[in-house]
Structure formats: C-alpha cells, structure tokens
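Me: I have a structure open and some quick questions. Can you walk me through a few spots?

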Amino acid sequence: MPCERKPMRYGHSEGQTDVCFDGKGKCILTCGSDGDVRIWESLDDDDPKSINVGEKAFSLTLKNGKLVTAVSNNTVQIHTFPDGDPDGILTRFTTNANHVTFNRLGTRVAAGSSDFLVKVVEVADSSQQKTLRGHDAPVLSVDFDPKDEFLASSSCDGSVAVWNIDEQAKVTSWSVLQKSSDVTNAKSLCRLSWQPQSGKLLAVPVETSVHLYERNSWSLVSTLSDDFITQAINVVVWSPCGRFLAAGTIGGYLTLWDVSTKMCLERQKHEKGYTVCGMAWHPSGEQIAYTDTEGCLGLLDGLPAAATATTTTQQPSKSTAKVKETKEYDDLFDEDDDRFLDDEASESPVKKRSAVVQDDDDDDDDDMMPATGRPRHRSSFLDDDDNSQGSVALDRLKMTMADGDGDDASSAIVPLVPSAVAAAATRPVYDGPMPTPPQRPFQSGSTPAHLMHRFMVWNSVGIVRGYNDEQDNAIDVEFHDTAVHHAMHLTNSLGHTLADLSQEAVLLACPSTDELASKLHCLHFSSWDTNKEWMLDLPKGEDALAVCLGLGWGAVATNALLVRLLSVGGLQKEVFSLPGPVVSMAGHGEQLLIAFHRGTGFDGDQCLGVQLLQLGRRRRQVIQAEPLPLSRKSHLVWLGFTAEGTPCCIDSEGVVRLLNRSLGNTWTPICNTREHCKGKSDHQWVVGIHENPQQLRCIPCKGSRFPPTLPRPAVGILPFNVPLCQVATEKGQMEEQYWRSVLFQNHYGFLSSSGYEIDEEGQNQAQKEQQELLMKMFALSCKLEREFRCVELAELMTQSVVTLAIRYASRSRRMGLAQRLGQLALEKANQEQALQEEEEPEEEPTYTHRYRQSNGRTSRREEEEEEEEEEEEEETQVEEQMETEEAESRKPRLNPFKKAAASPEKASPKPASIANKEARVNPFKMSGPAKPSASPAGRAGSVLDTMTTANRKPAASTTPGSKQSKSPVLKPLVPRPKAKTQTLLQMSSKAGSKKQQPQQEKEREREKETEEKKEKEAATERLKQPEEAKSAGDQENRRPKTGFQLWLEENRKSILADKPDLEETDIIKEAMGRFRTLSAEDRLSWTERAKGEVGDVKKRKREEEEECKEGGGEDRQQEEASAKKKKPLDTSAKLSAFAFNK
C-alpha cells in the first residue's frame, strides 16, 4: 500500500524554512523567514502556537526541552519548549548562522555561519566553545557523529569536511560540491547527515545523487540515485533505525531508498513542484515532515519503512507465521528489525524479482512499480481489500520460489492471493527509455506564478508586474516609451495570472474557480472611444493557459486544446484546435506562433511542436505542426519574435534559435547564454532580441533563474555567435561573420514581401559587409592556394565584386583562376540581363537584337573563337577601365567632333578603351531604327559597323564630369566581339589578308594618298591645340566650361600620378578638395580664363564657317565624292587608317 501525501499547509512567508519533530513525535516545529517558530500538534492544526525569535529564522533544532534557532541577527538563541520563553544567547557570529544541530545526547550544539566558521558550544555552559576553522566560504550545514567524536560540515567553497571535535582539526575533506559566493547563490543547501546509532556512514547530497562515505576509512562506498531526480538534492535525512534514507530535491521530488539494496522504495512529487529545503523523520519512522521555499508544510504518512524491515527478517516458523497473520495491521510495525542489514544483504536475485508481486486490483498498481524498472518493496504484505484480517509476507513467497518447489509454492499462496503467482511469473520488467513529464504551459517573459512579487510579462513594449501579498493584490503596467501610454495601476481582484502587452492594449487572464469561470480582461488604451475595457468569460471547465497580442488582434489558448482569436475591440473571431496541449504562445504584427506538445518525450527530452500562422489579408499557415528543436534533456523557457518579426525560441540550456526563412523554415542556433554565465547556477533571463543591430537583451541572474522585481534589474546585451567550427582561426571567424550577417538579413525580404517599409540603408550596409567578407576570404584562399574554394566564394559574390576578384587573381598571377572567374562573371551578367528582360522587356537594347541577327550567320567555329576572345578580354578589362583617362591624356587624339571639313573616317575610330567603356555603360542602343550593315567583309566588319552606326551621335564621355560609369563594374549584357586596343591593332595589321577584296585595296590606296596630303597640313595644328579642337566640338553638346573643369583638365595628370588607382568619381572628389584649397584670387582667375576660352571658341567657330563658305565648290565636290567612295569601306580599312594616323 503506498504512502499518503497530505495536502500542504501554509506556515511561513516565502523564503528558507526548516522543520523538526519533538522527542516524542507529538509536535511538528517549523521556522521561516518571517522570524517565527510555529508548533503544530498535527498537520490539521488550524491554530499553531507561534514563537517570535527574530527578524528571520534560518534553522532550528530541539532536544531535551531546549529549542535552538539560528537567527538573522548573527546569534544562536535558546528558548524553552513548549513555553517558548527566551533562555539566552548560545553564541554569536559576525554574520548570519545558517544551520544548527544538537548532538545525540543533547549536550552540545554545532552551528555553521557565513563567516566561514563552525562552532561547537556546550549547552550547559556556553562559554565552553570550540571553533573549527578551515573553510574558505560560508558554511552550509553541520551534523554530529552519533558517537560525538566527529563533526561533518559542507561549505560554499565546494568542500565537505570531517573534523575531530576534541582536537579541533580537520580529518579529511572532499571537493564534490559546486562553488558559490553565498548561501543564497548556492545550488544546493547540502544538508548532510550521519547514520544514526552506529555512525558508520555519512550521507552527502552531491548534485542529483547521494554519496555514502564510510567512517574511519573516509572512502566512497556507495551512491544512491534515481532516474526521476533531474535537479540537485537539497537535504537528506536518515530514518531512526538507520536503514533508510530520504532526500528532498530542488525540483520538489521526495525519494526514499533502502540503503543496503540501493532500491528506491518511495517517490513522491511536491504538489506544486517547489524546492524542498527542510525534512525531518518522525521518531517512529512512520512519517516524514517537509517544508519548501514558499513557507508551506507537508507530510508523508504511512511510510513502508517498518513494513519493509519486517519482510527482510529471517523466515519465522509456521506456527509463528500463523500467529502473525492474525495480528492487526499496526502490529506489523512493532517487529524487531536489528538483523535487517545482514539478511537483506544476502537476499538472492530470485527473491528480489519476486518482490514485484502485487495485487492486480490495486488502484495504485502503477505507482508500486517505479519507472526505473526496480521494485520499490513498498510493503511486505498483499491486501485483497480493506476488510482482510491478515496479510502474507512476501518473504514467504520468495523463499518458496527460491526452493524451487512449485507445488508447495502454489499451495502456500493460492488460498490467500489467487492471482499473485501468475502475475509474478508473467509480468515483464521494463528496462527501456523512461517517459519525460511534460512541461507546464508558461507565458514568455514572466516569472513563476507562485511568487508574491513577479513579472507577469517583460517585452519590448513594457513591463507588467504582479503583487500578491497581505497588503495589496495589484498589477502595475509600465511602458518603456511613455509616448505610447502612461503607467497604469490596476487592482487584481480576479486573481489574474497571465498577461501580455502591446502598443495597443493589455490582455489579462485569470483561472477559473468553483464559482467563477476563467476570464479575459482587455484594456484597449489605444481606442478612440471612451469604452476602453472589455471582459470575456470562457466556457465552463475551460481555463486560459496562454495569451498573446498582435496588431489589432489577440489570442488565448485553453486547456480544451483550443485557440480563440479575438479583435482588440472584443470581437470574437476564428476558433481552431491544437494538435496537443499548449506550452507557450506569442504574437507579433500579423504572425501567431504556438508551441505545443506533439507527444511524450523520453529520457528527459521534451517532444514539442510549433505552428506559425499569418493572420493578415492572406491568411495561411507558414509552419504546420513541425517539431521544435531543443537541446538534450532541456525544456522550452522562451518563445517569441525578434523586434523585426522573426520567430525565436530559447531552451533551458541557454541555446537561442532563430527561424531561418531562407533555408526552408529551419531553426539556426545563434547564441548560447550559458557561455556568458560565470557559475553553473547563474542564468540569463531574456527580455528581447534585435536583428539590426544584432543584440540579445537579457538580465543576468546570479544564483537563480529569475530576477527580482525590486530593485529594478539592469538589462545587459549579449552578442550573437553562430556555432561554426574552428572559429578561433581567421577563416572560421570570417565565415561565422558572413553567415550570421546573411541570417540576420532575411527579415528585409520578409518585411518587404509583407508590405512593410524597410531600412534600405541598413540593408545596403549589410550587403556591403557581406561582400567585403567574401573578398577577404577570397584573398585568404588565394594565399593558401585554394583556387577551387576561391571559385566557390565567387559564386556567392555579386557581379561587381567578381570583377574585383578577377583583378586580384590577375595581379596574383593566377591566370587559370582569373579565366574561370571570367566565365562566372559572364554567367552572372547573363542572369542579371535575363532578370532585367523579365522586368522590362520593352527596353531591350537595339545592339543586342542586331548582334544576334549578325551572329546568326556565323559558323560554330567562329562562335567558339569568339568565346575564347571574350574570356581573354575579361581578364584585363578592369585594368583598362582604371587606365582609360590616363591613356587619353597621354596620346595626341583626333578630333572626333570635327565637321564636314575633314574626312568622315577621322571621326569614326576611337581608342578601344573608350569604345569598351561606352559599350559597358550604354549597350549600343540606337536612337532610331537602322538596318544592319550589308558589307560583305565578314562577321567582324558587320559587328563593328553596327557599333559605330549605333553610336554616331557624339558622346560627352570624353569629358571628366560626364562619365556614365562611376566604378569599374563589368556589365556585359550579351557576348561581344573583341574590342581591345591590342585586338584592333592586330586587325589593322591584317589589311592585306586574303579576306580583303581587290576593289577595297585600291580604294584604300587612293584614300591613303589624299589622307597623307591633308594630314601633313593639319597635323601640326591638331597636335598643338588638341584641347581647343575638342572644346570646339563639344560646344554644341554641353554647357560652357567652369573654372573648376578647366583646372581639372590641366591638373588631371598630377592627380593620377599621385593616386593612380582612383576611379573617376574619386578623381573629381580629390580635384574638388584641391581646388577649394586655392586662394580666392586663383579660383577667380580660373573662372575668368574659362569665360575667355569660351569666347575664343565661338570666334574660331565663326571663322571656320566663313572659310568653308569661301572654299569654293571644287573642294566641296571633292570631299563629297571622297565620302561617297569611302562609304562601303569595311572596318579593317578604318582601323588601318586609325593606326596610320597614330
């Protein structure tokens, strides 16, 4: 029959408590942080006697009518019992005494204090004291050896020490505990205990197990543990007989072991899961009293200790057994148990297995078999019903089965328990994974509901605090931004336990009672009308477990596996069912995130699922009941959204996970808060997450999981860190930074697709940082000669950054890598062009169409040759872009804007770099419809003719201030023919090849003769005044030059000489800086020169027009004839003329 756990009774205020029995077991004594000692005649005593001993009482002990207490005024006091009269101060410390205990005879008292000292004081004469020094931190607990020879103590320094009392010396010590700075920060109180009577064993709670150390040898002889104990053990107590050991844990478990067999006989769970901090065994061994950190008193009644001891005694004779069977139930606890250990130690395995036999009709059958698969030996008898007058000891069944006499065994037990043998023979023993208790629902950003002062919610909008004490039961609402709303104070008459806060409203919920239903209470403070509150009663039997608010809506999840949607104005909307019990819920904007139990977890793991719903105009389910990943043996502690609206979750191991929308809605770990905790008992309480800037806002909690409400805790900021490998290396650091930046940039796409405005500047900055990191990793891979990795990195780059990578590879003399990157650049360019054509198909350049028409007549071999030429061109194109202006300034150029007075052929050719630059910026788009060239000169001729025809209109790209390409960006829209200077010269050198026809050669010879005559006459003038001729041609297409432009033309060479790597925009910025440094007079002079030059240009223009009119008709006819003859010239002829003129 299982023991009975009595309902808890409220005894003291919240804080540390202690408990003990009087010598006869008639009274229960408790003390607490309210400074009172209460004397309970029984657990049902409604009016216990109270004795005030100080402001706070940390520990108490009673022996021989003397009540000793450790009080917060640094003293150890004595009071009489049961009168409670003060009997003096036993000893003093410089700080609080944490634990006190009597020796077995009651003549000495030991006390441990936070000043690192342990004192042993004689009760009869308090002046006789012995001080034990050696601990380096506050003392947690002390206990006397039953023989009064040794004293054991535990301390916050992580050690457990054994002292020789008479010699005041330390005998031995073990460093088995977790270190802490104070008792309040200690993970466990470590209330150790000596085995009564013999003192053979010392029990020490260490983490989730109990270590048993042997006297004199001081060696670890045994360890007691239980699979259900997942948190540290706080206190251990021995039974009066010294054969059983009970333990209370932080998680609220009460466990009873048989020390000799190491079996778990009993396991009970605190009804509310509070920490057990005090335990005491009744002198008879039938009861255990215990207290928790909330000041409540509990009792375990009907313990099987005495009954189990009876079953392990030696088998009595048949006549004695018959007499025992006629005795009353209570007589079973009066047997002599002195030989228990010897008999139990020799018990055979067969006898252990047979102890599992129980009554099939017992309602507590599941409790009798522990989850560990080990029988609890709950009792030595089997009761068929409450009216049975006798019971049979299991020991008789064990011995009969061990003897192997089946007939005797059957005849011995069938008359009493007909089904016992069959159950014992057929019941399997389960030894597999054990189920994990499901975690309870919680509200993210809140502290436990049992606290008198607690945070109901703390989020990015504000804080909601709840107070429930003797003075007040109220709720305070505080906003981070007072512009949203002023602070509010609300009375909590309904006992609200759930809350959520948004920019529009406060939503509260309370549980149901016997009289009232569970209610929702909403304060819609952003409403424009006068009625800003509404309430809603849930159906009978349905309680609210989680609430949340979004943009214009609210939601509540109930124990009926339902989620109810409402508007902030109180309008009920949709209702839908959950696949399992809710765990937590959060809302942000139009998103609703729900975590629930998908099933039963095993071996400490929770089995949770998650749903993500979009509640906007396009209502849809983004995540459909998929598993929610957690760390091993952990549970969910926070669920919500970042400030930008990305779902996020945190488990009890401190791992923060963010939803990665770009990777199929997977969860990526981005931080581990445990790495930022100094001690194992420290935690980080998260209050908010931001993606831009990357910040995890949390409150550090030293020695606890939750912060106090007062004083207001300070919020800290933790960085994010994606757990990649080898982050200590330079490569690993850059990889982590890049992928973290990519992950935290996903919210821009989501917000943009949802119709929200985004921070374009922040998005561009993030993309720039990513490309910089890729370029750094590219350079590092080049140094390490990892060219394949370089190409992999280039695939992640944008088109412009690939151009820089090509340039870096070329300068590093890795031509093979540069060639592959060139191919990759063309692929990226084609992809971008395809996207542009999809977005704006009507703006396809004219040159593209004409090039495709001319290319359609080429052979496959010519196409292959063209592709090879394109690859060579891309390798050096970046250098040509950077050196374009410098090359133009060095070379005497022809006037490309000369009127009809000169030959048309002189204005057509341009330097190849300029042609390339114009081709990249303006993809040869023509101003009007034009037919492709009909010249039979071949592929190259038709392509270049088309290029010059499409760009016949004079361009202003030769002037510094009108360049269209601001950076060396490679933008080849479609594959192009060769356009480099070297290629043009090679083409001009092939003027006499077989491809040229005889008629073209004759025309070229005649052209050369006329060009030689005219060039000799005009060469000198062109070389001396190139800028004037240029400005005269530009006059029609641009405004008059300013003083700064004139100064820039003359000083461009010096700027490029100082800084040859500057782009055109940077050259202008540098020139503007230098021009501003000139004096006012110098700047004025340059402005006057610019005005005068414009006047000279206009004058020369009028003179040239008059000369053309007076030149006569012969020259005009000759020039027109020459122009007509030169129209069918192919590109090779033009290029040869260009090379000859140079």
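Me: Let's start with H135. Is H135 buried or exposed?
Reply: H135 is buried, because its relative accessible area is 5%. Buried means under 20% relative accessible area, exposed means over 50%, and partly exposed is in between (1.4 Å probe, protein chains only).

Me: What kind of model is this?
Reply: It is a predicted model: local features need pLDDT of at least 70, side-chain atom pairs count only at pLDDT 80 or more, and totals for chains, interfaces and linings use all residues. Residues are numbered from 1 along each chain as its sequence is written, and side-chain values use heavy atoms, with hydrogens and water left out.

Me: OK. Where does H135 lie?
Reply: In the loop between β14 (129–132) and β15 (139–144). Helices (H or I, at least four residues) and strands (E, at least two) are DSSP runs, numbered from the N terminus.

Me: Which side chains make polar contacts with the side chain of H135?
Reply: The side chain of S153 is one of them, at 2.7 Å. The side chain of D157 is another, at 3.5 Å. A polar contact is a pair of N or O atoms within 3.5 Å. Within protein, one atom must be able to donate a hydrogen and the other to accept it, and residues adjacent in sequence count only if both atoms are side-chain atoms.

Me: And what is H135 in contact with, leaving aside neighbours within four places in sequence?
Reply: F116, V118, S153, S155, D157, S159, A161 and W163. Contact means heavy atoms within 4.5 Å.

Me: How far apart are the C-alpha atoms of H135 and L117?
Reply: They are separated by 7.1 Å, and the two residues are 18 residues apart along the chain.

Me: Switching to S113. Where does S113 lie?
Reply: S113 lies in strand β12 (residues 108–113). S113 counts as buried, because its relative accessibility is 0%.

Me: What does the side chain of S113 make a polar contact with?
Reply: The side chain of T95, at 3.3 Å. Leaving aside neighbours within four places in sequence, S113 is in contact with residues including F93, N96, P138 and V139.

Me: On to helices. Which residues of α10 are buried?
Reply: In α10 (residues 746–753), N746, H747, Y748, F750 and L751 are buried. Their cover includes β43 (591–597), β44 (608–614), β48 (655–660), α9 (730–743) and α11 (760–783). After α10 comes G755, with a positive phi near 90°.

Me: How do α9 and α11 cross?
Reply: Their axes come within 9 Å and cross at roughly 155°. That makes α9 roughly antiparallel to α11. Axes are lines fitted to C-alpha atoms, for helices over the stretch in contact, and angles run from 0 to 180 degrees between N-to-C directions. Angles under 35 degrees count as roughly parallel, over 145 as roughly antiparallel, 65 to 115 as roughly perpendicular and the rest as oblique.

Me: Which residues meet there?
Reply: E730, K731, M734, E735, Q737, Y738, S741 and V742 in α9 meet A766, Q770, L773, L774, K776, M777 and L780 in α11.

Me: And at what angle do α24 and α25 pack?
Reply: Helix α24 (residues 1043–1058) and helix α25 (residues 1064–1077) pack at about 110°, with axes 9 Å apart. The two are therefore roughly perpendicular.
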